Every structure is written in C-alpha cells, then in structure tokens.
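User: I have a structure open and would like to go through it step by step. Could you help me read it?

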Amino acid sequence: MANRIPRSSSCFFIFLLLPLLLQFCSGKSDLQLNYYSESCPRAEEIIKEQVVNLYHKHGNTAISWVRNIFHDCMVKSCDASLLLDNAPGMESEKNSARSFGMRNFKYINTIKQALESECPGTVSCADIVALSARDGVVLLGGPEIEMKTGRKDSKVSHAADVDSLIPNHNDSMSSVLSRFQSVGIDAEGTVALLGGHSVGRIHCINFVDRLYPNADPTLNPAHVEYLKRRCPSPKPDPKAVEYSRDDLATPMVLDNLYYKSILDGKGLLIVDQELASDPLTSPFVQKMAADNDYFQDQFSRALLILSENNPLLNDEGEVRKDCRFANKK
C-alpha cells in the first residue's frame, strides 16, 4: 500500500503555498532583483552607461537623479508620474512649487531612447528613475545600492497631491517626520535622506526670509554675512542664478559634511536647522556628523525603502514609449 501523507501535514503544506498561489492567481508579483535579466539583459548596464556619460557632460545630472526619486516616490508611488508633461485635462507635477529648481528632465529621455533601441517597450520610466538615482549616488561618492526593478509607469499625474505629500522646507520637524513615516521611513532614515542636501545648490528664494529684514538668530553670524553677499536682495528673482550651498567644501560629494555644517549653524533651510536642534533627530545628526560610513549606510537603507514605495506592478501601469507622455490608447 502506497505511503500516504498525513492529513495534517498536507494541510500545513497547502497553508505554506497559499500566499504563492494567491499571488499567482491575482497576477501580482513583487519587485525583484534583475527583473530584466531575460527581457532586456543589458538594461541596467545601459542605464549606468548613460548616467555616467551624462555625468561627464553635465555633472549636475547626478544630483537631479537623486532629487527625482525623492519627488517621484514620495507622491503616492514610484511610478514616474513626475516625468509626465502637461496634457489635456492633466497638469504636470513639474509645475508644482515643490518642483522649483528641478531640471535635466530631458536627459531622462536620452536614457529611455538608448533602452528603446535595445529593447523596445520593455524598460519602464519608473525603473529608469530608480536606477539612475542609484547610479547617480555612486557618482557622487555615495554607497552602492542593490535595487529591485519591475515598476510600471503611471498613466496619470498626481499634481493635485504634490503639496500635501512632499514636505516643505519650512514645515515643522514633526510634520516632516510624519510624512516620511507614512512611506515607511523612520526618524533615522529621514535624517539620512535629508543628507541629500549635501549635494547641489539652493536658490536664494528658499532662505532669504532667514536673512531679511533681520537674520535668524539660529544662523551662524559669520555665515549670515556670507549668505547676504550671495543673496543681496530680500526679493530675489526666481529666474536669476542666485544660490548658495549647504555644503561649501564638497558640494558634489554625498558625504557627512552637511551634518557638520548644520551643527555649526550654517544650514540654509529651516528644516536643516530643525534637524540639528530637534530632540528626536539631533542625536542622529551628531552621529552622522561623526561617522560618514554610518551616514551612508543609513542613506542607503532609507533610499531603498523609498524606492519601493507602493510601486505599480504588471497591469496596474504601463511601459511608456516616451517618459513625458502616457501611451496612446
């Protein structure tokens, strides 16, 4: 007589398989490493090649890629909705005040075109946003991050939600922490991600209120004089090239000098100063200021969480042919 599996064992076996069966039946699958290994084996290599080439031509593109992933993934989903241009009945997220100063969007399509030449209709713009940020971080001296792929592209913009979902630089620290917590990033990770202010520049329009008519007493007095030379008018022209940097020593390197700067009263934005003084975040600021490896480890962890925020999978989205527009029906 053939051996029979005990009823209790077979039930337990089915219980273990149930999540997989439900996933298969629903057509839903999670993001995964090397998602394009069969459909477009060179996808990640092509993205990296393009990111490196663009960096050598336009160094600030690497900073743009890091900012893109933040602005895209904080607004509902990592779905490349940020990249959509205006269309009839739909306003672009790029028009939002929160997107002020963002640039280099045209080079995303440079990357997309290289992918379309190799594997037409295969690699999503959402994955380009994620992987270009990953590779941009490395070019800026940051950590290497193993990032999953398989995101699909949104067909619509979320412009109406941008202001409520992306923290403002004048928000209270409790509000900023709450917003990051809603996408699964804790206080430690929030402090690390704001370390992204270590690279790039900040337009005078975002911090002149801390200089005029009276200087914010939390600012380093000597730094106030420097900033007034950078921003001589209390009403700067938003179209003028008037800016300063949070990190004057290594503005193109993602490192912990940002934290040393804000501890010295040289943070440009209110959120920078609050990060250094709030009792919930200050201990992490001090630890990151003292240990660059710790900062980069936490930055890597937090960026990975952000990159996997509520992605569209399978038929929940599409693979756009042009990252600026949803596919025509």
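User: What span should helix α13 have, and what distance separates its end C-alpha atoms?

Analyst: This is a predicted model, in which local features need pLDDT of at least 70, side-chain atom pairs count only at pLDDT 80 or more, and totals for chains, interfaces and linings use all residues. Residues are numbered from 1 along each chain as its sequence is written, and side-chain values use heavy atoms, with hydrogens and water left out. Helix α13 covers residues 292-307, and at 1.5 Å a residue its 16 residues should span 22 Å; the end C-alpha atoms are 22 Å apart, which agrees. The expected span is 1.5 Å times one less than the number of residues. Helices are DSSP runs of H or I with at least four residues, strands are runs of E with at least two, and both are numbered from the N terminus.

User: Which residues of α13 are buried?

Analyst: They are Y294, F295, Q296, Q298, F299, S300, A302, L303, L306 and S307. Buried means under 20% relative accessible area, exposed means over 50%, and partly exposed lies in between, with a 1.4 Å probe and protein chains only.

User: And what do they pack against?

Analyst: The buried residues of α13 pack against α3 (61-73), α5 (125-139), α8 (187-193), α10 (257-263) and α12 (282-290).

User: Which residue has a side-chain oxygen reaching a backbone nitrogen at the start of α13?

Analyst: That residue is D291, whose side-chain oxygen comes to within 3.1 Å of the backbone nitrogen of D293. For a polar contact, two N or O atoms must lie within 3.5 Å; within protein, one must be able to donate a hydrogen and the other to accept it, and residues adjacent in sequence count only if both atoms are side-chain atoms.

User: Let us take F295. Why does it count as buried?

Analyst: F295 counts as buried because its relative accessibility is 0%. Leaving out residues up to four places away in sequence, F295 touches A192, G195, L254, D255, N256, Y259 and M288. Contact here means heavy atoms within 4.5 Å.

User: Changing topic: how much space lies in the largest pocket?

Analyst: The largest pocket holds about 1300 Å³ of space. Of its 44 lining residues, R67, H71, F100, R201 and I202 are the closest to its centre. On a 1 Å grid over the protein atoms alone, a pocket is an open set of points with protein on both sides within 12 Å along at least five of seven lines, while a cavity is a set where a 1.4 Å probe fits but cannot get out; lining residues have an atom within 4 Å of a point. Grid points are joined across faces, edges and corners, and a volume is the space filled by probe spheres set on the points.

User: Which element supplies the largest share of that pocket's lining?

Analyst: α3 does, with seven residues in the lining of the largest pocket. The elements that each supply at least two residues are α3, α7 (173-181), β1 (202-203) and α13. By class, the lining of the largest pocket has 24 nonpolar, 13 polar and seven charged residues. Ala, Val, Leu, Ile, Met, Phe, Trp, Tyr, Cys and Pro count as nonpolar, Asp, Glu, Lys and Arg as charged, and the others, Gly among them, as polar.

User: What about the second largest pocket: what is its volume?

Analyst: Its volume is about 260 Å³. It is lined by 13 residues, and K48, R134, D135, E144 and I145 lie nearest its centre. α5 gives the most to this lining, with four residues. The classes in the lining of the second largest pocket are six nonpolar, one polar and six charged residues.

User: Now the loops. Where is S124?

Analyst: S124 is in the loop between α4 (105-118) and α5. With 0% relative accessibility, S124 counts as buried. Not counting residues up to four places away in sequence, S124 touches Y36, R151, K152, D153 and V319.

User: Which residues does a cis peptide bond join?

Analyst: The cis peptide bond joins Y212 and P213, with omega about -5°. P213 lies in the loop between β1 and α9 (221-230).

User: Last one: is K76 buried or partly exposed?

Analyst: K76 counts as partly exposed, at 43% relative accessibility. K76 is in the loop between α3 and α4, and has a positive phi of about 75° although it is not a glycine.
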